[in-house]
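Open the model in your viewer and switch to a cartoon view.

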Amino acid sequence: MTDSVLLLEEFFAPAEMAALWAYAMGREADFVASEVIGAADQARHDTDFRRSRVLFDIAGIYPLVSDRVMSVLPHVLGRLGLEPFDIRELELQITASNDSDWFKAHHDSGHGVVSSRQLTFVYYCHREPRPFTGGQLKMYGDVNDADGPEAQRGALTITPKQNSIVFFPSHYLHEVLPTECASRRFADSRLTYNGWFHR
């Protein structure tokens with residue numbers, strides 16, 4: 001599993017990281033309850049499966065993130081052993097996970113609008129010292145059942161680390177473990193920039 005997930009630390013310069021965090025903080029009122037894409041591409045609120053808040057309209061910060069991840073893409077693909085592919089779209093959103101938020105085991109690719117997702121990344125950008133606990137990214141790999149013996153044997157748990165980014169194939173099963181945030185303040189959330197390269 002460790003060969004199929006790539007973690008890069010100190011991904012942005014300190015001033016860029018501060019700008020990314022400040023951008024999210026300035027848009028708190030625009031975050032909405034997260035949704036799950038189901039059959040027939042129907043987005044639905046399912047708080048038994050996923051709880052968090054998401055910001056979709058991030059045009060003001062998109063160039064900074066997209067330019068940086070595009071610059072490391074050849075390196076990332078090489079390290080993950082993936083073939084280069086033509087990129088149709090780079091999808092990006094910001095997710096804020098606060099007290100008792102989570103995202104159960106899922107794949108980022110599948111049918112319909114998400115079928116062309118090839119590569120996922122999660123960039124961590126939060127206050128220091130980290131004002132929350134939990135929220136680990138748990139990777140199961142190229143399996144369909146998180147409870148199966150193969151998934152459990154190969155599971156990899158990644159703790160959110162400031163200014164780090166994780167890349168992995170979008171079809172890999174993964175989950176976000178429950179976050180605990182005693183203050184429940186938005187500024188103390190587990191904040192991530194989540195992105196997907198579409199073929």
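Select residues 137-141 and residues 173-176: these are strand 11 and strand 14, joined by 4 bridges and running antiparallel. Strands here are DSSP runs (E, at least two residues), numbered from the N terminus, and two strands pair if DSSP finds at least two bridges between them. Pick Met139 next; its bridge partner in strand 14 is His174.

A word on the source: this is a predicted model, where local features need pLDDT of at least 70, side-chain atom pairs count only at pLDDT 80 or more, and totals for chains, interfaces and linings use all residues. Residues are numbered from 1 along each chain as its sequence is written, and side-chain values use heavy atoms, with hydrogens and water left out.

Find Leu137; Ile158 is its bridge partner in strand 12.

Now show the side chains of strand 11. Which way do they point? Leu137, Met139 and Gly141 point one way, Lys138 and Tyr140 the other way, and all are buried. Buried means under 20% relative accessible area, exposed over 50%, partly exposed in between (1.4 Å probe, protein chains only). In a regular strand, side chains alternate between the two faces of the sheet.

Move to residues 117-124, strand 9. Here 7 of the 8 residues are buried, so strand 9 is largely enclosed by the rest of the structure.

Last, select strand 13, residues 165-169. It runs antiparallel to strand 9, with 5 bridges between them. Tyr123 is partnered with Ile165 of strand 13.
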